[in-house]
Amino acid sequence: MNFQDYEAIDFACDASFQRYCREEHEADMAFWAEWARQHPEKTAVLAEARQLVALLSARQGGRTEQLKQLQDGLTQYERLQQALEGTLPVPADELPSSGPRRLYGRYAAVVAGALLLAAGGYFLSRQPRTTPTVTEMAAATIITAGDEPRKSVVLPDGSSLVLRKNSRVELAEGFNRENRELTLTGEAFFDVAQDVRKPFLVHTSAFDIKVLGTVFNVSAYTGHPTMEAALFRGKVEITCMQEPARKIVLQPNQKLTVATPETGKTAAAPVLKVVPLDADPVNHKAREIAWVRNRLEIENEPLEDIAVKLEKWYGIRIAFADDAVKQYRYSGTFESETVLKALDALQLSYPFNFKMVNDTIIISK
């Protein structure tokens with residue numbers, strides 16, 4: 001299929017592209033990552049399409065009314081385009097069912113229960129998303145999850161991570177000012193902010209990982225016979241302690257496993273393997289992040305109540321600077337997102353601002 005003529009709305013309508021954005025199917029993720037790499041001229045269009053798919057995952061209002069509201073929004077957008085092009089408005093029931101946009105039947109088929117677009121407000125305003133302001137963290141450089149199943153952390157550089165129970169990270173001195181290095185013990189899921197001037201480095205007892213901006217999971221428990229790094233998006237370079245001259249570059253949907261010798265026993269070197277991610281045969285999702293991927297569902301709830309759920313879900317404190325924003329209502333399903341991505345998605349359908357102050361997310365109008 002020729003996707004080069006697609007616009008953002010066409011990509012967002014494509015079921016395969018939606019699965020790629022939601023990281024639901026490894027084959028779709030690999031296909032679209034490669035297609036995007038081969039078509040850099042489509043970078044802006046794909047970014048807009050991903051934003052639309054994010055909107056579909058953060059819905060305001062009840063699900064029963066969303067298809068009708070989505071159609072209303074798309075109708076307003078089509079009419080706006082006609083006005084800008086100097087053509088006469090066309091009644092909604094006379095809009096074509098095929099052609100470059102192919103909006104109604106196909107859209108309804110692939111996004112059943114889709115997002116309330118606030119009567120086309122997204123398309124009409126095109127307002128940029130607010131980027132959270134992340135302040136410097138407190139003096140302590142060691143962050144632990146303790147007994148919490150998951151603990152979300154937003155680092156000073158804008159990167160976010162989810163720590164698994166009994167895991168910890170230690171930030172290097174001068175993190176974000178002079179470097180972006182940390183040491184992990186246990187397991188963590190990373191979503192790294194891009195900064196070409198300062199590569200992001202993760203140190204473990206078995207290997208080091210160097211990235212510029214990507215999503216990956218690292219399991220590096222002390223004393224465990226196997227450690228691994230699993231890549232979901234982007235590219236990482238891994239250097240193993242036992243073979244420092246060897247650089248292993250992972251592609252999306254690959255992982256490196258390092259089988260270390262048992263304590264007290266000797267071996268020539270650990271066994272290194274690069275293998276595909278372990279996909280669940282039922283839902284086709286990677287088992288490597290099943291611990292992160294539990295679903296959080298929200299159904300037409302006020303943001304004040306949602307914040308309580310997010311606090312428990314991500315293990316991070318959320319506070320409000322304005323009472324009015326507490327009553328904004330949303331519906332949505334979140335799976336495998338970091339807390340910043342979840343808030344970012346909610347923010348798209350009913351705008352608010354948020355920033356990170358030390359270990360607390362502050363939400364304001």
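How close do the axes of helix α8 and helix α9 come, and at roughly what angle do they cross? They come within 11 Å and cross at roughly 160°, with axes fitted to C-alpha atoms over the stretch in contact and angles running from 0 to 180 degrees between N-to-C directions. Keep in mind that this is a predicted model, where local features need pLDDT of at least 70 and side-chain atom pairs count only at pLDDT 80 or more, while totals for chains, interfaces and linings use all residues. Residues are numbered from 1 along each chain as its sequence is written, and side-chain values use heavy atoms, leaving out hydrogens and water.

Helices here are DSSP runs (H or I, at least four residues), and strands are too (E, at least two), numbered from the N terminus. α8 and α9 are therefore roughly antiparallel (an angle over 145 degrees). Here's who makes the contact (heavy atoms within 4.5 Å):

| Helix | Span | Contact residues |
|---|---|---|
| α8 | residues 303–314 | L303, I306, L310 and Y314 |
| α9 | residues 339–349 | V339, A342, L343 and L346 |

By class, that's 8 nonpolar residues, no polar and no charged ones, counting Ala, Val, Leu, Ile, Met, Phe, Trp, Tyr, Cys and Pro as nonpolar, Asp, Glu, Lys and Arg as charged, and the others, Gly among them, as polar.

Among the buried ones are D344, Q347 and S349.

Now for F190: leaving aside residues up to four places away in sequence, F190 touches residues including L161, L184, F200 and F216.

Technical notes:
Parallel < 35°, antiparallel > 145°, perpendicular 65-115°, else oblique. Buried < 20%, exposed > 50% of the residue type's maximum accessible area, 1.4 Å probe, protein only.
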